[in-house]
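The sequence and the structure are shown first, and the description follows.

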Amino acid sequence: MRDRSHRRTCRSAALVAACLLATSILAGADQSQIGRQPDGAIMLPTGQRITPAGSQLAVPSLPIAIEPTPDARHLLVLHAGYETPTLSAVDVRTMTLSGRVTLADAWLGLTVAPSGDRAYVGGGARGSVWEIAVREGSLRLEREFPLGGDCRGRCDSLIGDVRLDADGRLLYALDVLRDRVVIVNTQSGLVLGEFATGFAPYRARQTTDREHLVISHWGEASLGLYRLSDRRLVERIPVGEHPTDILIVEGQVSDPRSQDDSEERIFPARLFVASAHSDNLWTFGIAESGRFEFLDARSVAPLAASPLGSLPSALALSADGTALYVLNSGNNTILVTDVGEALPEPSGALPTGWFPTAVAALPDGTLAYASGKGDGDHGGMLALVPPLGPDQMDLLTSAAVANLAANPAPSPGPPPDVRHVALVLADTRGPGWHTAAEDGAVLERYLPFARGQLAQTALLTSGMESDFFVKLAPAVTAGRLSATALAGAGRAALPAAGTLWANARQAGLEAQVYGIAGGSAANDYIALLESGSDLPALAVVRLAGPPESQDAELARIVAAVREHSLYGAAALFAATTAGAPRAAVFGGAVRNHSLSPRFVSPAAVLRTIVWLLGIRPMTQLVMAADPLSELFRETP
């Protein structure tokens with residue numbers, strides 16, 4: 001084992017409290033300040049200020065995968081956002097675009113042939129794989145391999161990760177929505193067969209013996225070990241919820257469970273798993289027999305008491321094999337861990353751009369990462385971080401910690417007279433909003449930090465965008481993928497920390513849903529209000545239909561609340577999830593009809609609701625937001 005006496009900046013299972021610096025939540029930030037700042041920092045719509053490490057290159061939205069060419073002179077970057085998907089080649093020396101090819105659809109999967117002259121890309125909902133010629137940074141679309149196959153009642157396809165065997169002749173393509181792996185001969189382009197997997201196969205890695213594939217099941221809390229000779233599942237390996245990336249690292253380590261008086265056991269390799277919805281890194285020893293033995297599952301969250309929201313989603317190994325990089329999408333950081341230890345401990349962290357999605361290590365020690373949400377002015381960002389010395393790593397670790405969305409100052413207790421809260425989601429900006437404004441507050445500076453109905457609904461009802469919605473909602477918004485098809489991903493689509501109503505019920509409160517999550521129709525809520533019946537502690541209502549119909553329903557809700565006997569104990573929040581952003585707070589419990597001059601995010605709306613209900617914030621994003629408490633008290 002190599003010497004590990006060097007200084008640790010934050011030696012713990014996560015970035016510990018002793019490393020915490022000043023918060024970056026700027027409550028007084030104005031909408032005009034959102035995006036890239038003069039000093040290179042980025043102000044997020046949440047009010048959080050981040051300072052990405054490395055040189056930055058603006059790229060199209062959602063750069064979801066990056067792969068260096070074998071000579072490491074170029075990075076291939078796959079973009080699968082709101083625009084038509086593209087594969088780009090970036091010159092590493094000049095940080096400039098050297099080639100680009102447009103694809104009808106693409107998602108997640110990107111691999112380069114050992115010869116370096118070809119790349120393969122998963123074709124997304126098109127149900128195919130693309131072959132692209134690569135030559136000195138230029139790209140040319142060569143062939144499309146349709147994967148087809150018997151859909152057996154599930155015909156929606158989403159081809160994601162793609163992996164080549166050692167000689168580049170066989171390609172394994174993962175179909176997320178049909179739970180299968182399709183095997184393609186890369187010379188002929190013919191499909192040789194397929195085999196079934198667990199729910200929503202996300203990432204595949206070939207074992208060191210080249211005889212098996214390890215596949216993470218995005219829709220399960222498990223991995224699958226699949227034998228390639230007969231295409232069968234050999235072992236299902238339990239892990240944390242929503243496993244994303246997996247990485248096999250060769251190199252002998254001692255079994256940390258061995259006792260001092262017992263014979264030392266050696267593992268020739270280890271398997272690491274990033275479980276995004278449990279915020280932890282799982283470690284398995286790989287025995288000589290090939291069996292996976294569980295060693296550890298440790299948190300990557302900023303603090304032991306942090307709610308969910310770090311979203312570890314990608315892994316990479318440094319070129320010299322000494323560091324494991326764990327990309328935390330929710331924290332905008334990359335943890336740097338010492339892979340020489342059997343159970344890697346963080347030795348530092350790098351601050352990234354907004355919602356990092358992919359990371360890759362280059363032979364010279366340079367680290368490349370992609371930020372899926374860009375900087376406010378550009379849809380995505382690609383960054384290169386040069387090799388770092390200990391002092392530079394310390395400085396960047398301090399910056400990464402300072403960038404975290406720390407908890408705000410303690411808020412006053414919720415007003416005791418608020419006993420009934422409602423959240424109404426709508427897609428209209430008609431006269432119904434003016435009705436609500438008469439006795440309430442229109443949040444003029446309401447600013448969502450997600451595009452598309454799916455993502456905004458997820459934010460307002462579950463407190464975060466999971467990597468599932470960040471990575472797939474753009475394809476739905478762009479019309480490449482249907483929203484109904486996402487049901488085929490199983491538990492992959494479920495929110496990490498549950499929903500607002502589920503958390504309220506767990507706290508012993510009555511919570512009802514209408515027009516969403518299998519609840520009764522929105523009209524049933526209107527009927528409940530108009531009948532004067534008792535109200536639940538929480539109601540979540542999703543309006544649907546044409547805008548004029550939604551506007552009429554919103555007006556009826558406002559009028560019925562105003563006439564209800566419980567009006568003085570009610571607070572109703574309304575927010576749009578599509579079109580121009582708008583939000584309002586209405587009800588007899590609203591005492592102040594104006595806010596201080598600051599913008600309001602969906603996290604602040606949800607934080608105010610859980611504050612009024614007296615339940616714990618579900619996610620790190622919600623916990624870091626200030627409740628709109630001034631609306632419920634007269635300003636001194």
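In this predicted model, phenylalanine 573 is in contact with Val421, Ala422, Leu423, Val424, Ala584, Val585, Val605, Thr608, Ile609, Leu612 and Phe632, its neighbours within four places in sequence being left aside. Phe573 is also one of the residues that touch the most other members of the largest nonpolar core, together with Leu87, Trp107, Leu500 and Phe632. That core comprises 94 residues. Helix α8, which spans residues 602-613, supplies the largest share of the core, namely 9 residues.

**Helix packing around α3**

Helix α3 (residues 453-462) is mostly covered, with 8 of its 10 residues buried. The buried residues are Ala455, Gln456, Thr457, Ala458, Leu459, Leu460, Thr461 and Ser462. After the helix comes glycine 463, whose phi is positive, near 85 degrees.

Two helix pairs involve α3. In the pair with helix α4 (residues 467-477), the axes come within 8 Å and cross at roughly 145 degrees. Leu454, Ala455 and Ala458 of α3 meet Phe469, Ala473 and Val476 of α4 in this contact. Classified by residue type, the contact has 6 nonpolar residues, no polar residues and no charged residues.

In the pair with α8, the axes are 8 Å apart and the packing angle is about 30 degrees. Angles under 35 degrees count as roughly parallel, and α3 and α8 are therefore roughly parallel to each other. Their crossing is right-handed. On the α3 side the contact is made by Leu459, Leu460 and Ser462, and on the α8 side by Pro602, Val605 and Leu606. The classes in this contact are 5 nonpolar, 1 polar and no charged residues. Val605 of α8 belongs to this contact and is also among the residues that Phe573 touches.

The C-alpha atoms of Ala405 and Val605 are separated by 16 Å, and the two residues lie 200 residues apart along the chain.

| Residue | Relative accessible area | Class |
|---|---|---|
| Phenylalanine 355 | 6% | buried |
| Alanine 405 | 27% | partly exposed |
| Alanine 517 | 56% | exposed |

The classes follow from the cut-offs: buried means under 20% relative accessible area and exposed means over 50%. At 6%, Phe355 is therefore buried. Ala517 counts as exposed because its relative accessibility is 56%. Ala405, with its value of 27%, is therefore partly exposed.

Definitions and conventions
Residues are numbered from 1 along each chain as its sequence is written. This is a predicted model: local features need pLDDT of at least 70, side-chain atom pairs count only at pLDDT 80 or more; totals for chains, interfaces and linings use all residues. Side-chain values use heavy atoms; hydrogens and water are left out. A nonpolar core is a set of buried Ala, Val, Leu, Ile, Met, Phe, Trp, Tyr and Cys residues joined through side-chain atoms within 4.5 Å. Buried means under 20% relative accessible area, exposed over 50%, partly exposed in between (1.4 Å probe, protein chains only). Helices (H or I, at least four residues) and strands (E, at least two) are DSSP runs, numbered from the N terminus. Contact means heavy atoms within 4.5 Å. Axes are lines fitted to C-alpha atoms, for helices over the stretch in contact, and angles run from 0 to 180 degrees between N-to-C directions. Ala, Val, Leu, Ile, Met, Phe, Trp, Tyr, Cys and Pro count as nonpolar, Asp, Glu, Lys and Arg as charged, and the others, Gly among them, as polar. Angles under 35 degrees count as roughly parallel, over 145 as roughly antiparallel, 65 to 115 as roughly perpendicular and the rest as oblique. A crossing is left-handed if the near helix is turned anticlockwise from the far one by less than a right angle, and right-handed if clockwise.
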